[in-house]
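Welcome, and thanks for taking a look at this one with us. Have the sequence and the model open side by side, and let us walk through them together.

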Amino acid sequence: MAEPLIDCQDVAHTYLRGTPMAQDALRGVTLQIRAGDLVGIIGPTGSGKSTLIQHFNGLLRPTRGTVRIAGEDLWAPQTDRRRVRQRIGLVFQFPEYQLFEETVRADVAYGPRNLGLPEDEVSARVDDALRAVGLDPGAFGPRSPFSLSGGEMRRVALAGILAMRPEVLVLDEPAAGLDPRGKADLLDRIERLHRSGLTVILVTHSMDEVARLARRIVVMHGGRVVAEGSPREIFAREEEVRRIGLRLPQAAELVRRLRQRGLAVPDALTIAEARVAIRAAIREGSRGTV
Amino acid sequence: MHEPFIEVADLEFVYRPNTPQAVRALDGLSLSIRTGEYVGIAGGNGSGKSTLARHLNALLQPTAGRVCVGGLDTRDRSAVWTIRRQVGMVFQNPDNQLVATVVEEDVAFGPENLGLPPALIRERVNWALETVGLGAHRRAAPHLLSGGQKQRVAIAGVLAMRPACIVLDEATTMLDPEGRAEVLDTVRALNRREGITVILISHTMEDLVDAHRIVVLDGGRLVADGPPGEVFDRIEDLPGHRLDPPPVAQLARWLRSDGLSLPRGLYTVDDLVEALAALARTGVRPDG
């Protein structure tokens with residue numbers, strides 16, 4: 001079995017350690033992310049999701065435990081953290097707030113240029129990154145980022161990270177604040193990036209989003225990983241999900257309620273699945289009664 | 001019949017007028033909202049929702065047209081403070097709205113600025129915190145609360161001003177599912193029990209299922225105005241195409257088009273469960 005791309009062993013993190021304000025944000029997280037995975041991290045506010053992902057690229061140093069990237073201990077003295085960090089692209093919440101250059105092209109080029117890459121390589125990367133997020137480099141490159149819509153600005157910010165050519169894309173609430181069309185476009189882009197070989201880690205509050213996209217779900221609560229599994233496995237544990245303040249995806253909730261009413265409805269996590277499941281159940285039900 | 005509390009007539013608003021960056025955010029919008037109504041305002045990013053919200057308590061003044069609140073014109077400078085006391089605003093990010101280190105001090109901030117006597121301030125703060133269900137957290141530090149609790153503190157701060165109307169601009173966007181449910185339940189209770197006029201802005205249609213009426217904006221114009229079930233049924237036919245019906249409404253539509261004889265206007269899990277259970281009982285076989 002290949003080595004995990006990200007390997008967290010017993011990672012703990014305490015903010016303001018040694019002060020009266022000390023707060024344990026992570027209390028021993030052990031977690032592996034494998035190359036090519038699409039992992040959703042869910043959990044209520046304050047469960048440690050954002051703290052955890054900042055350990056993936058060394059923005060935060062664990063108070064205890066180790067983080068390995070492709071086998072390399074991120075905090076070992078000999079590790080070139082700058083190089084390792086480039087493998088993990090972290091997209092924060094509302095990343096468009098961090099846009100600052102005069103043109104879209106200059107903004108996306110900022111990271112690769114800082115790597116000291118030759119200008120033609122920078123330029124090629126910018127073109128690729130803009131295309132990957134669905135923005136035509138010719139049309140959008142010369143524009144001011146601040147003349148764009150919210151969804152377009154967010155895609156420019158994402159392109160800035162992609163231009164660094166990371167192996168892993170970590171996104172914290174990537175669709176927050178976008179309208180449904182903007183949200184669907186962005187999630188579609190992320191799915192395509194995953195299909196093209198990128199490992200994707202998605203932090204989200206939306207159970208519907210994670211049910212649709214993720215191959216694997218990690219559930220956090222109180223600074224710990226409390227469950228891990230496929231969306232189907234996780235949302236089958238309805239009581240637990242509810243107890244920590246999360247909800248079922250709407251389709252799963254609907255199926256659960258229909259079963260309580262005596263309808264034999266198969267599992268469904270998305271409304272497209274629910275459509276098929278309900279049709280089947282109603283058909284069966286009517287056959288029984290006719 | 002309630003009389004209109006808010007009257008928006010032919011409202012136009014242009015950001016950075018007379019510059020090359022001029023943006024027409026509202027383009028001839030008319031709308032009236034009665035006392036005690038719960039109105040959802042939906043629309044895609046850039047449809048003008050937030051710009052409209054900022055006109056309702058005179059944070060913005062119309063470029064053309066008119067906005068009246070409780071009979072007062074928002075362009076009348078002497079009326080601005082009266083209007084702001086009547087129309088409270090809650091914004092998206094709870095962390096940007098809380099100012100004090102203790103919950104009750106935060107809620108007292110508004111009434112203190114009004115120069116009310118301390119006993120009355122205390123009474124209002126107590127009432128506001130009880131109303132949003134945070135009476136037990138009065139001494140807590142706001143930054144240690146959950147997102148939903150923070151937003152409820154922000155709502156309590158607005159309530160302590162005893163407004164007739166509360167406007168929530170994407171106030172659920174940054175919350176987890178439980179926080180979102182807490183805020184929506186609180187807002188619903190404010191409207192149903194306290195009779196406060198509620199204007200809830202969101203581009204997530206599921207947030208708006210408690211509204212009496214949903215108004216949809218696109219390109220700074222009003223493109224739909226009606227009860228939730230009716231608006232959800234035609235959401236995909238509206239210009240702009242930036243909105244989705246709530247998942248349950250979408251599913252009900254699909255099942256109807258699959259030949260299941262479901263009534264129109266279903267949009268909550270409860271309603272769809274009832275309708276499907278009834279359908280299963282009658283044993284009607286779908287076509288196809």
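## A loop residue and its contacts

Two residues are in contact if their C-beta atoms, placed from the backbone, lie within 7 Å. Leaving aside neighbours within four places in sequence, B:Ser47 has contacts of this kind with B:Leu217, B:Asp218, B:Gly219 and B:Gly240. B:Ser47 sits in the loop that runs between strand 3 (38-43) and helix 1 (49-56) of chain B.

Is B:Ser47 buried or exposed? B:Ser47 counts as buried, because it has 25 C-beta neighbours inside 10 Å, and the cut-off for a buried residue is 20 or more. B:His203 is 156 residues away from B:Ser47 along the chain, yet their C-alpha atoms are separated by 10.0 Å.

For the complex, the predictor gives an ipTM of 0.80 and a pTM of 0.85. Chain B has a mean pLDDT of 91, and 97% of its residues reach 70 or more. Where pLDDT is low, the predicted coordinates should not be read in detail.

## Chain A as a whole

Chain A contains 12 helices and 10 strands. Its C-alpha trace spans about 75 × 50 × 40 Å along the principal axes. The radius of gyration of chain A is 21 Å, which agrees with the value near 19 Å that a compact globule of 290 residues would have.

Of the 290 residues in chain A, 45% are buried. Among the contacts in chain A with a separation of 6 or more, 62% join residues 24 or more positions apart.

## A covered strand in chain A

Strand 6 (residues 88-91) of chain A is covered on both faces. A:Ile88 and A:Leu90 are buried on one side, and A:Gly89 and A:Val91 are buried on the other.

Which way does this strand pair with strand 7 (residues 168-172) of chain A, parallel or antiparallel? Strands 6 and 7 of chain A pair in the parallel sense, over four bridges. Within strand 7 of chain A, A:Leu169 stands opposite A:Gly89.

## An antiparallel sheet in chain B

In chain B, four strands form an open sheet in the order 2-1-4-5, with antiparallel pairing. Its edge strands are strand 2 (23-34) and strand 5 (72-73) of chain B, each of which pairs on one side only.

Strand 1 (residues 4-15) and strand 4 (residues 64-69) of chain B are joined in the antiparallel sense over five bridges. B:Glu12 has B:Ala64, in strand 4 of chain B, as its bridge partner.

In soluble globular proteins, nonpolar side chains tend to be buried together. Here the largest nonpolar core has 169 residues, and the members that touch the most others are A:Ala159, A:Val170, B:Ala156 and B:Ile199. Helix 6 of chain A gives the most to this core, with seven residues.

What surrounds B:Ile199, leaving aside its neighbours within four places in sequence? B:Ile199 is in contact with B:Ile33, B:Val39, B:Ile41, B:Leu56, B:Cys165 and B:Val167.

## Where the chains meet

The contact between the chains takes 38 residues from chain A and 35 residues from chain B. On the side of chain A that touches chain B, at least two residues each come from helix 6 (150-162), helix 7 (180-195), helix 8 (207-213), helix 11 (250-260) and helix 12 (271-289) of chain A. Helix 12 of chain A gives the most to this side, with 10 residues. By type, the residues on this side of chain A divide into 15 nonpolar, 13 polar and 10 charged.

How values were computed:
Residues are numbered from 1 along each chain as its sequence is written. Chains are lettered from A and ligands numbered from 1 in the order in which they are written. This is a predicted model: local features need pLDDT of at least 70, side-chain atom pairs count only at pLDDT 80 or more; totals for chains, interfaces and linings use all residues. Ala, Val, Leu, Ile, Met, Phe, Trp, Tyr, Cys and Pro count as nonpolar, Asp, Glu, Lys and Arg as charged, and the others, Gly among them, as polar. A nonpolar core is a set of buried Ala, Val, Leu, Ile, Met, Phe, Trp, Tyr and Cys residues joined through C-beta atoms within 7 Å. A residue is buried if 20 or more other C-beta atoms lie within 10 Å of its own, exposed if 12 or fewer, and partly exposed in between; C-beta atoms are placed from the backbone. The radius of gyration is taken over C-alpha atoms; the globule rule is 2.2 Å times the number of residues to the power 0.38. Two strands pair if DSSP finds at least two bridges between them. pLDDT is the predictor's confidence in each residue, from 0 to 100.
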